[in-house]
Amino acid sequence: MDTLISVKPLIAVLVSLLAIPLIGFSRSPNVREGWTFLAAVIKFALVASMLPAVLHGKEIICQVVEVLPGLSLAFRVDAFGMLFALVASFLWIITSAYSIGYMRGLDEHAQTRYFCFFAVSLSAAIGVAFSANLLTMYLFYEMLSLATYPLVTHHQDEEARTSGRKYLLYTVGASIGLVLPAMLVTYHFTGNLDFSPQGVLAGTASRGTVALLLFMFVFGFAKAAVMPLHSWLPAAMVAPTPVSALLHAVAVVKVGVFSIVRVITGIFGTDMLQAFDLSTPLLFVASTTILVGSFIALSQDNLKRMLAFSTIAQLSYIVLGAAMLSPKGVTGGMVHIAMHAFGKITLFFCAGAIFVATGKKNISEMTGIGRRMPVTMTAFFIGALSIIGMPPCGGFLSKWTLVLGALEADQIAILAVLLFSSLLNAAYFMPVVYRAFFCPPEDALFEARVQEAPLFCVVPLAITAVISLVLLVYPQPFMQLAVMSAAKVTGL
Amino acid sequence: MESLLANFLAKYNYWAYIGLVMIGMYAMIAKRNLVKKIIGMNIVQTAVILFYVSIAAKKGKTIPIIAHGHEDTGHHAVQALDYISPLPHVLMLTAIVVSVATLGVALALAIKVYRQYGTLEEDEIAMRIEEQ
Amino acid sequence: MSAHFPGLVIIIPLVAAFLILIGALLDRRLAFPLTALALLGSLLTAIGLLGKVIQTGVVEYHLAGWAPPVGIAYRVDHLNALVLVAVATVAFVNLMGTRELVKGLFEDRLGPFYTLYILLIAGLQGIVVTGDAFNLYVLLEIAALTGYALVGMSEGRAPLSSLNYIFIGTVGASLYLLGVGYLYLVTGTLNMADLAVRLPALYPSKVVVSAFVICLVGLCIKMGFFPMHAWLPNAYSHAPDPVSSLVAPLVTKVMIYVMIRMMLFVFTPAFAFDQMAISEPMVWLAIAAIVAGSFMALSTRRLKRMLTYIIVAEVGYMVGGFWLGNRLGISGAILHIVNDAIMTLCVFLSAAAIISKVGSDAIDDMQGLFKKMPVTMGVFVVAGLSIIGVPPTCGFFSKWYLISGAVAAGQYGFMAALLLSSLINLVLFFRIFEIAYFEPFHDHHGDHGHFVSAVQEAPFEMLVTLVVTAVLLFALGIYAGDIVSQIIDHAIPVGIT
Amino acid sequence: MRFLALITILMVGGLLFYGTPDFPAWGDPESPASLHVSPYYIEHAVEDTAVPNIVTAVLADYRGYDTMFETAVIFSAGIACLFLLRIYRRKSTTTRLYRHNLTGITLRIAKGGKLPEGSAEFERIDSLWVPYDMIIKVTSRLVVPFVQLFALYVIAHGHHSPGGGFQGGVIFGAAIILYAISNDLRRAFRRLNEKAALLASAAGVLLYAGTGLMCLLLGGNFLDYSKLADLLYTDAIMARSHGILIVEIGVGLAVMAVMVSLYYNLSSAGRHDEGL
């Protein structure tokens with residue numbers, strides 16, 4: 001394995017942190033958003049500049065400081081981290097644009113704080129993506145939890161307070177209560193927390209211990225919203241929509257599943273889990289989450305809550321993929337990070353745009369809205385297709401790979417779960433689209449006069465929708481990155 | 001039985017110091033008057049002094065001041081066995097000073113407490129605090 | 001000159017104490033600059049000493065030129081050099097930060113205040129560097145006496161709390177003195193190194209066993225270790241704010257240092273851990289301390305009181321970590337002495353800033369503070385995160401060692417207690433953050449109906465010191481690995497694995 | 001509470017009792033404590049320091065550092081009492097009382113009136129003024145100088161007989177306190193006012209610490225009096241003896257001043273009026 005030593009990963013992480021003073025002390029909103037954009041673009045450029053090396057099978061390493069003997073704060077960019085970092089940093093640019101439209105459109109308070117903590121969150125997300133070891137990952141994971149707290153509770157009212165409590169209790173509480181001890185016990189066994197392709201825990205602990213640790217990690221990374229630690233996610237929907245969009249479709253929740261996948265592949269190693277036959281319980285947990293999440297989503301009327309439950313279900317696809325421990329399954333799980341991100345962020349953008357333009361939050365109030373906001377609702381349709389996993393959208397690709405993985409692993413039950421949940425996805429998304437476009441004119445609540453959300457809202461959602469489409473035809477570099485890292489971690 | 005008694009008598013001032021420590025501590029915990037507590041505290045400190053000074057003792061020997069020391073009679077004449085040990089005495093001079101100092105500060109605080117609540121009885125002070 | 005560093009560290013503040021009093025008799029305004037100068041000198045000396053110890057190993061200093069055991073000797077190794085720097089830093093930083101507060105509280109008695117302040121520091125630093133068991137007692141009493149006076153000088157219940165503090169503190173110190181007396185009785189020496197040489201032959205003796213227990217009980221009382229902690233919350237929470245922020249970070253930590261010093265370097269680890277076999281009960285007591293401290297902190301809605309209960313729990317961290325008896329646990333305990341000193345300083349200083357501006361220490365009165373005092377609250381958040389144990393603040397790393405030590409020793413109860421306390425700290429601090437962040441701010445405060453004008457930021461110098469301490473929290477976290485490998489590893493006897 | 005106290009003292013007593021059977025017998029000259037360090041002091045004190053009183057030699061030289069802090073302890077106690085109790089700005093009383101010494105007439109001077117401050121015929125009194133007792137006053141006037149003289153003797157003769165700075169300082173302080181008791185605080189202030197007492201206490205400890213520093217500047221370790229030899233025109237051993245005397249004087253000064261200042265503050269609860 002070729003390695004390169006470079007400070008680029010560190011700079012990529014720090015760029016948005018360094019931008020905070022600039023954002024915070026900007027005098028006018030335009031300058032402030034200018035800095036945000038600049039930071040986002042630089043960040044993306046830095047991440048993208050490392051892509052060719054990674055695609056050539058190299059790893060980029062950056063050791064910052066040795067905080068504990070044998071344990072450093074260190075970054076290592078590999079294919080999987082690159083995949084996630086690319087998605088997150090690219091979508092930050094889009095979301096920044098969308099934020100401007102949304103926040104100004106609603107004339108929200110404390111926008112400076114909002115943009116500052118957004119930048120911190122992105123730093124943390126990229127930090128998690130590039131972490132070379134569990135300690136570094138834990139550090140950025142906690143940073144993300146805390147930095148998103150002011151975003152989730154942006155409205156500073158009673159409801160935000162309750163949700164914020166729930167959010168912190170689930171994410172930080174679980175990470176301190178479960179991940180930290182699990183990490184320490186792992187360290188006690190291995191003396192090393194570096195992610196390595198076949199794990200570091202192999203051969204050091206008994207099956208019972210490994211099983212215990214595995215579940216402490218899986219539930220401890222509560223950001224992944226694996227049931228039963230999922231209920232913070234719907235609660236966190238009180239946040240402004242761009243927050244829900246980026247953080248709760250991309251950065252925060254994906255950090256959760258990313259961490260789980262990382263730990264499964266980098267700490268435990270697929271071989272050991274297979275040897276100990278621990279994939280079945282994991283699959284069971286993930287499948288349960290998928291099905292229950294989808295069923296609950298069916299019953300929601302609030303659009304954002306429905307999306308939240310849909311997210312819960314979709315996240316477990318990724319866990320499911322990793323838990324199959326087969327190359328195709330892992331690839332599918334990883335690619336699903338990207339596919340779901342683009343699809344879901346489109347949906348959230350749409351929900352936000354609807355709210356900005358009409359003030360409506362509930363699906364039942366959206367009858368006929370397609371006539372009023374055709375672009376938005378078309379994008380919604382595309383996003384929904386992607387999430388359901390139907391061509392011509394990117395989501396199809398990841399789901400297809402997952403299905404192949406299930407076949408490869410001889411898990412017919414999982415195949416059934418995948419197919420049935422797609423059905424459920426369709427069942428909760430299609431009524432929205434139908435209601436928006438095909439309702440009888442006399443039931444429509446909106447006049448047939450086109451009145452879209454501000455341009456800053458519409459353009460981003462159009463872009464992500466288009467990308468969702470494009471990804472089916474040209475799923476690179478995500479597909480290649482996923483294939484590379486899946487090959488590495490499964491050793492096939 | 002006899003050896004027990006002999007043992008007891010041979011160390012009687014150690015028993016005395018233990019008794020003093022217990023008396024002092026009892027006063028500090030059980031008494032409700034702050035000045036009595038301060039007195040108990042002083043008893044404990046004095047007991048420690050008794051303990052230390054007892055270590056220094058050598059039966060039948062004199063205080064550690066060398067007679068005619070400044071007339072150069074030669075140091076070989078001085079036998080350690082002839083004098084009691086000076087070190088514990090030195091230490092206890094320090095301990096005495098410390099206990100005086102502690103007493104002073106404790107009294108000053110007691111005066112402050114009295115100024116504030118008009119009493120030095122803990123029960124009454126508790127009542128005053130309740131009232132506020 | 002550097003040969004005299006061990007002496008100078010104490011002598012500078014000591015001599016300065018008298019000069020400050022004399023200077024303040026001439027002009028009150030002289031008191032502060034003199035104190036600052038002396039403490040700065042002491043801090044620099046301490047840092048120089050640490051550097052010297054790292055380079056050349058143990059530094060000995062024979063006071064009055066007499067070699068031990070005849071004379072008193074200072075023996076500075078990695079352990080006390082590290083703690084010394086921590087003490088000097090806290091003393092200096094707190095001095096700089098609380099200038100305005102002190103001026104407001106004690107304007108007519110600045111001279112005595114700063115004299116006592118610096119004597120307290122001289123005493124604590126002396127405790128840390130001394131290599132003589134009796135000298136330690138004298139210094140202990142200096143630190144204690146000045147502490148009593150400083151704690152008692154406030155309105156309300158402070159004098160009563162301070163008086164109780166005297167009672168308990170004197171009993172603790174007397175027990176320590178008795179323990180030293182028992183050791184003297186069987187060895188004839190007071191020098192720690194000499195004691196360590198002469199004691200092993202006497203380990204079967206009941207006198208040594210009781211000396212050990214008496215010393216330990218005395219020290220546990222002085223450090224406020226559960227269940228002997230009752231004096232601590234009262235004394236620290238009723239004390240004037242600038243005093244709390246000095247005494248709370250230092251006194252208990254220095255006492256824990258003394259415990260470590262006595263157990264490892266006077267008694268040997270073999271005696272303390274193996275022969276006495278009290279590790280298990282001590283760790284369980286520490287667990288009780290952590291749990292009790294955390295829950296008591298939950299039960300109060302007063303800021304300073306809550307923080308003092310957290311100290312009770314933190315004492316449990318360090319004592320428990322030490323009695324795990326392995327290298328990881330002891331490293332964690334020592335590291336936590338330093339980290340907790342800075343953490344507690346930071347949190348108490350920001351509390352002092354808040355209380356002085358809000359005029360009350362009820363956490364319900366802290367509404368809207370994020371808007372009104374953003375910098376102070378920012379620092380408070382950092383301190384809170386460190387106490388919770390969020391990386392990369394230093395609190396995380398000492399907790400890491402402590403938990404690693406617990407895992408290595410198989411003490412899963414201690415690990416659970418640490419995690420529980422982290423979670424409770426999370427609740428404690430976010431309860432405050434929520435109030436300060438969500439609730440609307442009213443300019444109308446207190447039950448007395450008096451008006452406090454709109455709250456603004458703390459004085460500039462206070463803000464600077466607050467920010468400095470917050471930065472220190474991060475720096476200590478990032479350099480935790482270096483501190484452990486460069487200093488603490490050398491501080492622990494080789495035999496401990 | 002009684003029950004708790006009983007349990008506690010039984011536990012403490014048991015703890016102390018546990019070790020006692022292994023103690024060497026009382027007065028045993030062969031006990032370990034008498035065999036290790038203290039023989040060195042007894043056998044070498046005179047040749048090292050030329051001080052026959054070994055306790056003094058150990059106190060002020062071998063363990064002089066302890067003693068310096070001991071002085072600092074008493075000093076901090078004095079400062080602590082001052083800090084805790086002293087009331088600087090009393091609520092300005094509207095009236096003040098003055099007594100004409102010869103006739104015993106008491107004047108009540110309202111706020112703003114002309115105060116006979118500094119006049120020998122009048123003295124300021126408190127409302128709870130008690131007439132002085134002639135016998136006590138005269139007796140104490142007779143006793144005080146002798147007590148003071150004795151105190152100086154005790155300080156100076158600490159090298160050869162029981163005594164030294166602490167003892168002498170306390171006796172000297174007691175003399176002043178006796179004066180203050182037999183008269184009143186205001187009169188005592190005329191002899192030794194608050195500032196002077198503070199200054200003296202600081203100066204006393206400073207004398208001690210300064211001597212130590214001087215040794216340090218002359219190239220020795222802190223408090224190594226032998227380095228003062230050149231300054232005092234003697235050899236190293238006599239320099240130690242003289243050094244001990246200097247610090248004993250410092251201790252005496254400090255202890256005296258602190259005792260007096262403690263009395264001032266405690267007896268008047270910090271108001272510095274008439275006192276007891």
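Two residues are taken to be in contact if their C-beta atoms, placed from the backbone, lie within 7 Å. In this predicted model, the contact between chain C and chain D takes 53 residues from chain C and 49 residues from chain D. On the side of chain C that touches chain D, the elements that give two or more residues are helix H1 (5-26), strand E1 (59-62), helix H5 (110-129), helix H6 (133-152), helix H7 (158-187) and helix H9 (206-223) of chain C. The largest share of that side, 11 residues, comes from H6(C), and by class the side has 35 nonpolar, 14 polar and four charged residues.

H6(C) also packs within its own chain, against helix H11 (residues 241-266) of chain C, at an angle of about 165° and with the axes 11 Å apart. Because angles over 145 degrees count as roughly antiparallel, H6(C) is roughly antiparallel to H11(C), and H6(C) passes H11(C) in a left-handed crossing. Among the residues that make this contact are Ala143(C) and Gly147(C) of H6(C) and Val247(C) and Val251(C) of H11(C); the residues of the contact divide into 10 nonpolar, one polar and no charged.

A second pair in chain C is formed by helix H3 (residues 78-97) and helix H15 (residues 327-358), which pack at an angle of about 5° with their axes 9 Å apart, so that H3(C) is roughly parallel to H15(C). The contact includes Leu82(C), Ala86(C) and Asn94(C) of H3(C), together with Ile337(C), Ala341(C) and Leu345(C) of H15(C), and its residues divide into 13 nonpolar, two polar and no charged.

Key:
Residues are numbered from 1 along each chain as its sequence is written. Chains are lettered from A and ligands numbered from 1 in the order in which they are written. This is a predicted model: local features need pLDDT of at least 70, side-chain atom pairs count only at pLDDT 80 or more; totals for chains, interfaces and linings use all residues. Helices (H or I, at least four residues) and strands (E, at least two) are DSSP runs, numbered from the N terminus. Ala, Val, Leu, Ile, Met, Phe, Trp, Tyr, Cys and Pro count as nonpolar, Asp, Glu, Lys and Arg as charged, and the others, Gly among them, as polar. Axes are lines fitted to C-alpha atoms, for helices over the stretch in contact, and angles run from 0 to 180 degrees between N-to-C directions. Angles under 35 degrees count as roughly parallel, over 145 as roughly antiparallel, 65 to 115 as roughly perpendicular and the rest as oblique. A crossing is left-handed if the near helix is turned anticlockwise from the far one by less than a right angle, and right-handed if clockwise.
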